[in-house]
Amino acid sequence: ENKWEMNKHANDLCVDANLEDSVSCLKWSLQNNFLAASTWDGKVSIYEVGDAPQSPAKIAAQGKARQDAACPILNLSWKRDMSGLFCAGADNQAKLWDIGSNKFMTVGTHQKPVSQVHWIDEMNILITCSFDNTVAVWDTRQANP
């Protein structure tokens with residue numbers, strides 16, 4: 001079971017040993033109580049955070065979805081409606097994890113790893129920056145952004 005529980009000795013939310021590598025990024029959703037986490041081995045996970053079932057005084061995080069991006073993910077950005085999660089990849093690509101289909105779609109490509117992704121919902125654009133010293137704006141309304 002993929003579950004996070006409150007550490008018994010501190011007020012930190014700690015992950016069980018179910019992850020195989022260290023966490024590279026955490027992003028809290030703008031709606032509901034969902035937390036996205038990426039790891040250096042390319043796993044992207046979504047957790048629902050709330051009261052622990054056996055102990056309402058504690059906080060627990062229950063794993064809801066996981067996908068393998070096949071490369072380290074350096075940064076994340078939620079879509080406002082939570083239908084997707086943008087991922088900045090060490091494979092030089094910015095991808096959208098469509099949660100409904102559970103598939104990745106490439107939104108844009110840089111010459112070096114993508115270090116940041118930021119989704120602007122009102123304009124349907126993704127802004128990325130990369131270790132190739134560029135910032136790019138991707139219009140996702142286009143067939144090929």
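These notebook entries record what I looked up in the structure.

**Entry 1: the model**

I noted that the model is predicted, that local features need pLDDT of at least 70, that side-chain atom pairs count only at pLDDT 80 or more, and that totals for chains, interfaces and linings use all residues. I also noted that residues are numbered from 1 along each chain as its sequence is written, and that side-chain values use heavy atoms, with hydrogens and water left out.

**Entry 2: the whole chain**

I looked up the secondary structure and found zero helices and 13 strands in the protein chain. Helices (H or I, at least four residues) and strands (E, at least two) are DSSP runs, numbered from the N terminus. Along the sequence I read the pattern β-β-β-β-β-β-β-β-β-β-β-β-β.

I then turned to burial. Of the 145 residues in the protein chain, 41% are buried. Here buried means under 20% relative accessible area, exposed means over 50%, and partly exposed lies in between, with a 1.4 Å probe and protein chains only. The protein chain exposes about 8100 Å², of which carbon and sulfur atoms supply 48%. Such areas come from the Shrake-Rupley method with a 1.4 Å probe, and for residues only the protein chains shown count as cover.

I also looked up contacts (heavy atoms within 4.5 Å). Among those between residues at least 6 apart in sequence, 37% join residues at least 24 apart in the protein chain.

Two strands count as paired if DSSP finds at least two bridges between them.

I found an open sheet of four strands in the order β7-β8-β9-β10, with antiparallel pairing. β7 (73-78) and β10 (103-109) stand at the edges with a single partner strand each, so one side of each has no neighbour in the sheet. Neighbouring strands of this sheet are turned by 25° against each other on average, direction ignored. For such angles, axes are lines fitted to C-alpha atoms, for helices over the stretch in contact, and the angles run from 0 to 180 degrees between N-to-C directions.

Leu 96 stands opposite Met 105 in β10.

The loop between β7 and β8 (84-89) holds Met 82. Its phi is near 65°, a positive value in a residue other than glycine. I noted for comparison that most residues other than glycine have a negative phi. Met 82 counts as buried because its relative accessibility is 14%.

**Entry 3: the sheet of three strands**

I found an open sheet of three strands in the order β11-β12-β13, with antiparallel pairing. β11 (114-120) and β13 are at the edges, each with a single partner strand, so one side of each is left without a neighbour in the sheet. Here neighbouring strands are turned by 20° against each other on average, direction ignored.

β11 and β12 pair over six bridges in the antiparallel sense, and Ile 120 stands opposite Ile 125 in β12. Between β12 (residues 125-130) and β13 (residues 135-139), which also run antiparallel, I noted five bridges. Cys 129 stands opposite Val 135 in β13.

The hairpin of β12 and β13 has four residues between the strands, and there Asn 133 takes a positive phi near 70°. Asn 133 counts as exposed because its relative accessibility is 75%.
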